[in-house]
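Grab a pencil and work through these exercises with the model open beside you. Try each task before you read its solution.

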Amino acid sequence: MHLYTSLHTRPVVLSMMREWLPHRLSAAGRAPSEFEADLAALTLRQLDLVLNGDVSPIQRAADAAFDGLPALGHAAVYSLNMVLLLTHLTRDPVPFDEGTLFSDHADCRPWDRLTQLWRSWFGLDTLGSLPNSLTAERDMATVRLSLPHIVGETQDRLSLASFVAHGLADDIGYGTAMTSYLLAGMAGLSTLQAAAQKLAKEGISIEPIVNWRRAQLGELSAVELADRLSVVGHPPGLTAESIALMEVFLRIGSVELADVLAGQMVQVGAIMMTLPRYEAALLIASVSQSDPHFVVEGFSGITSTVAVNYLLNRPAAEPMLRALIGFEPRSDLLRVLEEGWSDGCTLDLQTDLAVYALATSGDVPGLRAMAWEAIKNRVLRAEGIGSLTETQFLEVGEAALAETASPSVLRDIAGHLYEATDPRAHTLGTWLMTRRLVVRASPGKPLRSMVQGHPIVYPLQWVSRSDLAQVLRLCRELDPELVMRAAFGEPLGAAVDQLTARLRRLPQASMTVQEASDLEFLTSMARK
């Protein structure tokens, strides 16, 4: 059995040997310390032969009762059993000094070579019970072998892998498994910190992940986060740690973080124009919590030093322009944009939409017209449509309805919007918008054909307030019966009753002017 089966799969055998050993030593008149010294010397000698010897220490009898194993299997079973016997037949934890097994020909540590030998022969499920018979803990070049204090049970293969790695003093394997466990939502901060300590012994840092988890739990201060904000790479960008931490702080609404960042406005402003769009939006949103005028001041400062066309050609322009909407006064900023505008000066369709929205809110017809022309040209070239969010898709449609009277242009815009968007990204909102464009472009087209082509029927209770508003706009222009059946699969009467009840449940203070008008429209339809 010593050559064919690992004793960790027969834990009762190890327990019996440990219990009987004192009796056998007493009967033989041997001191336990003398026996343990001899066993340690024998084990190290045999392991040295397995790892570094020219001749295998394993001699199999010709008349053995068991079928033979390959040389690799015998080496794995024999070496593991020697370690198990040394651990179980010694009263105290055993210091395994790797220096005694060092080889000039191998640059892998001796204990790691042993564990890899065992892993090359035993599968994860077989090794899964090994930590119940052996616990190893590394301290530099010494591995401390001892009996486990607690018999562990595993529920899944990821925890099984971490269980085995921990038992074999595989700090890298344990640390990476526990990090995966945390990201899967199955480990706490203390477990992650323990894994970080083990990985640190191997020269690996997971401090960003620990800090991310600390931020989620409210244990990382805004000052600590601000100290970690850094820009790297070509082109520049926030580090992955900075992005993850800012997302957490922004989600929980940390005014403390905003205050710290606002105090570093010079540094923040200096890197803003170098950042990708998402990262710039993170910084803008974070700082604006504390200093709402940060964007206004930053925009004024940037346009005073660089040309407008340079600003509008940077990824940070779109989130910055969006953030400007709603501020007063804006006339000087809008005048700067209008005077500095030139054909093709913006980076992409998203930036054009931001300029259009800002010009519309500030009532600057000239800038609005130039922005719409840029939007129209890009859409008709199907440029950048696939990158639009649903909200931006709807903005294009609303702008077309507001700015264009040409039926052919409206039809082309509707076609390009629908065809250039990934079919998986189509929603009730995008379908409704394209139908509204078609209705406006083709007033004489048969009604039934205008509401065909929508592949998904939405339950009424799942429809957002914005989509509901679009449904009712379409009902004003088409047969409401056809629209309700196409959108919800409901007859007109049932749909009107449900939508009316839903709007009436809205708090009066939160109801928009459009929703009040829609409620009146639904009520009038119900009376008919």
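**Exercise 1: the faces of a strand**

Which residues of E2 are on its covered face, and which are on its uncovered one?

*Solution.* Before you start, note that this is a predicted model, where local features need pLDDT of at least 70, side-chain atom pairs count only at pLDDT 80 or more, and totals for chains, interfaces and linings use all residues. Residues are numbered from 1 along each chain as its sequence is written, and side-chain values use heavy atoms, with hydrogens and water left out.

Step 1: find the strand. Helices (H or I, at least four residues) and strands (E, at least two) are DSSP runs, numbered from the N terminus.

Step 2: sort the residues. The covered face of E2 has Ala-136 and Arg-138, while Thr-135, Glu-137 and Asp-139 make up the uncovered one.

Step 3: Val-94 and Phe-96 are on its covered face, with Pro-95 and Asp-97 on the uncovered one.

**Exercise 2: building the sheet**

Work out the strand order of the open sheet and find some partners.

*Solution.* Step 1: get the order. The 3 strands run E1-E3-E2, with antiparallel pairing. Two strands pair if DSSP finds at least two bridges between them.

Step 1: spot the edges. Strand E1 (94–97) and strand E2 (135–139) each pair on one side only.

Step 2: look up the bridges. E2 pairs with strand E3 (residues 142–146) over 5 bridges, and 4 bridges join E1 to E3.

Step 3: Leu-145 is opposite Ala-136, Ser-146 is the bridge partner of Thr-135, and Arg-144 is the bridge partner of Pro-95.

Step 4: check the turn. The hairpin of E2 and E3 has 2 residues between the strands, and Met-140 in this hairpin takes a positive phi near 60°.

**Exercise 3: rings that meet**

How many aromatic pairs does the structure hold?

*Solution.* Step 1: know the rule. Rings of Phe, Tyr and Trp (its six-membered ring) pair if their centres lie within 6.5 Å; planes under 30 degrees apart count as stacked, over 60 as edge-to-face and the rest as tilted.

Step 1: count. There are 2 aromatic pairs. In one of them, Phe-96 and Trp-111 are 5.3 Å apart centre to centre, with 65° between the planes, which is edge-to-face.

Step 2: Phe-96 is in strand E1 and Trp-111 in helix H4 (residues 110–121), so the pair ties together parts 15 residues apart in sequence.

Step 3: take Trp-111 and Trp-118. Their ring centres are 5.5 Å apart and the planes are at 90°, so this pair is edge-to-face too.

Step 4: Phe-96, Trp-111 and Trp-118 form one aromatic cluster.

Step 5: check burial (buried means under 20% relative accessible area, exposed over 50%, partly exposed in between, with a 1.4 Å probe and protein chains only). Trp-111 has 0% relative accessibility, so it counts as buried. Trp-118 is buried because its value is 0%, and Phe-96 is buried as well.

**Exercise 4: inside the core**

Which residues have the most contacts inside the largest nonpolar core?

*Solution.* Step 1: define the core. It is a set of buried Ala, Val, Leu, Ile, Met, Phe, Trp, Tyr and Cys residues joined through side-chain atoms within 4.5 Å.

Step 1: name them. The largest core has 60 residues, and Met-320, Leu-321, Leu-337 and Leu-437 have the most contacts inside it. Its largest share, 7 residues, comes from H19.

Step 2: zoom in on Leu-337. Leaving aside neighbours within four places in sequence, its contacts (heavy atoms within 4.5 Å) include Phe-299, Leu-321 and Leu-358.
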